[in-house]
Amino acid sequence: LAQAVADSNATRVLRAHVSRRSVMCTVAVAPDQTWDPAPPDSLIQYDAGASTVRISFLGGEELSLSTEAGATVGDLKRNVIALKGKTRGSNFGLLIDGRQLADCELVTPFAAASLTAVYSASDWSYRTMSADKSEVWLVGPYDPFFSEVYARMRANVEPEHWVPPPPNHPTCSNLAKQSLGATVTASCNTWGSRLEAEERLNNLVRLGAMHGDPRFAVGMDYFEFKSSKSSRVLTIDLGQLTVLVRVGFMLSSACPECDVTIETCPDTEASTWLRQGLAEYRSGGNNLYHALLDVQPLRARLIRLECHRSSPRFGPVFAYGWEESDFSGVAPREPGALIISVDTSED
């Protein structure tokens, strides 16, 4: 707009309009300071035109795209995805000199540069149902059915809500993770045998995409047994022989008080279950909805949780310890009685 005024020798701009593709202004040429409006033929249009942006992919392929003036990096990314596609659930970024560009940045300053396209796992991806509910889809930024607002609420379990690791074993980690090979089965399920039921059950070994296991984020975020069934048992197979020092589970804030027997087995196929103790959950009004069991280092592959009194609404299960090959502490004892410690307070 300033250039238009200078080119017309105008001293005042009377009307201006700025669009994505052009700048139009009516100017008054009044060297005698009378400020007479300019005639219609003094209307000057400056077409900002389109910027051409070069994008390089890690495989060596290059792509040139024209963008309108005022286009943002977010607009450019959507255009690239429309042309090149993207694995559902992944993230797509554009980098310049190692810096990832924000979606809100304008494209114009980068017209003379070469941008690098990068596909990566998204911390905000989550699992959802297809439109006809026949499939479960992993969705991430720029995918159909993805909502950033929803992802920030439901995609990940915040660490402050986790069953904490035992403070006297700083090198242990949670091994009850689907990405590490853990699986879970249940004797019954209040949602029946539908896809949603299976996904909610598998959420017991998922903490979210940020932690390596995208969660199913449709409907209720907990697992619940069918109330009419007398047998309510969860079996977690860690997928490997481990040395455990703490077993625990999260519970929904609306969960009733409950008692859960915890048993373990070191074998691939459960031949004999070894009873470790009873975890009692009692709501203390402290906003910590979990129960845990501390043990001396113990070899285990399978964990069984059997519920009594009422059916809890389970969140993720935690099994803190080490893969047996990585354990470097005191030799794990043979299965036997465990030291029970149920934590429902902040201390």
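These legends accompany a set of close-up views of a predicted model of a single protein chain.

**View 1. The whole chain, to get our bearings.**
The predicted model has 4 helices and 18 strands in the protein chain. Of its 347 residues, 46% count as buried. The accessible surface comes to about 17,400 Å², and carbon and sulfur atoms account for 50% of that area. If we take contacts between residues at least 6 apart in sequence, 70% of them join residues at least 24 apart.

**View 2. The largest pocket and its lining.**
Here we look into a pocket with about 440 Å³ of space. The pocket is lined by 24 residues, and the closest to its centre are Val157, His161, Asp221, Met250 and Leu251. Which elements give two or more residues to this lining? They are helix 3 (148–154), strand 14 (233–251) and strand 18 (313–323). Strand 18 gives the most, with 4 residues. By class, the lining of the largest pocket divides into 11 nonpolar, 8 polar and 5 charged residues.

**View 3. The second largest pocket.**
About 250 Å³ of space lies in this pocket. Among the residues that line the second largest pocket are Lys77, Asn91, Gln100 and Asp103. The lining of the second largest pocket has 4 nonpolar, 3 polar and 4 charged residues.

**View 4**
Arginine 152 and glutamate 148 meet in a salt bridge, at 3.2 Å from N to O. Both residues lie in helix 3, 4 residues apart, which is about one turn of the helix. Are these two partners buried, partly exposed or exposed? Arginine 152 is partly exposed, because its relative accessible area of 48% falls between the 20% and 50% cut-offs. Glutamate 148, at 47% relative accessibility, also counts as partly exposed.

**View 4. Two residues with a positive phi.**
Most residues other than glycine have a negative phi. Tyrosine 142, although not a glycine, has a positive phi of about 75°. This tyrosine lies in the loop between strand 10 (136–139) and helix 3, and tyrosine 142 is partly exposed, with a relative accessible area of 23%. Aspartate 97 also has a positive phi, near 50°. The place of aspartate 97 is in the loop between strand 6 (90–96) and strand 7 (99–100). With a relative accessible area of 81%, aspartate 97 is exposed.

Glutamate 199 is buried, with a relative accessible area of 6%, whereas arginine 127 is partly exposed at 22%. The view also takes in Arg206, which is linked with Arg127 and Glu199 in a network of salt bridges.

Glutamate 224 forms a salt bridge with arginine 313, the closest N and O atoms being 3.5 Å apart. Glutamate 224 is buried because its relative accessible area, 17%, is under the 20% cut-off. Arginine 313, at 24% relative accessibility, counts as partly exposed.

**View 5. Glutamate 158 and leucine 207.**
Glutamate 158 has its place in the loop between helix 3 and strand 11 (173–174). With a relative accessible area of 35%, glutamate 158 is partly exposed. How far apart are the C-alpha atoms of glutamate 158 and leucine 207? They are separated by 8.3 Å, while the two residues are 49 residues apart along the chain.

Definitions and conventions
Residues are numbered from 1 along each chain as its sequence is written. This is a predicted model: local features need pLDDT of at least 70, side-chain atom pairs count only at pLDDT 80 or more; totals for chains, interfaces and linings use all residues. Side-chain values use heavy atoms; hydrogens and water are left out. On a 1 Å grid over the protein atoms alone, a cavity is a set of points where a 1.4 Å probe fits but cannot get out, and a pocket is an open set with protein on both sides within 12 Å along at least five of seven lines; lining residues have an atom within 4 Å of a point. Grid points are joined across faces, edges and corners, and a volume is the space filled by probe spheres set on the points. Ala, Val, Leu, Ile, Met, Phe, Trp, Tyr, Cys and Pro count as nonpolar, Asp, Glu, Lys and Arg as charged, and the others, Gly among them, as polar. Buried means under 20% relative accessible area, exposed over 50%, partly exposed in between (1.4 Å probe, protein chains only). Contact means heavy atoms within 4.5 Å. Accessible areas come from the Shrake-Rupley method with a 1.4 Å probe; for residues, only the protein chains shown count as cover. A salt bridge is a side-chain nitrogen of Lys or Arg within 4 Å of a carboxyl oxygen of Asp or Glu.
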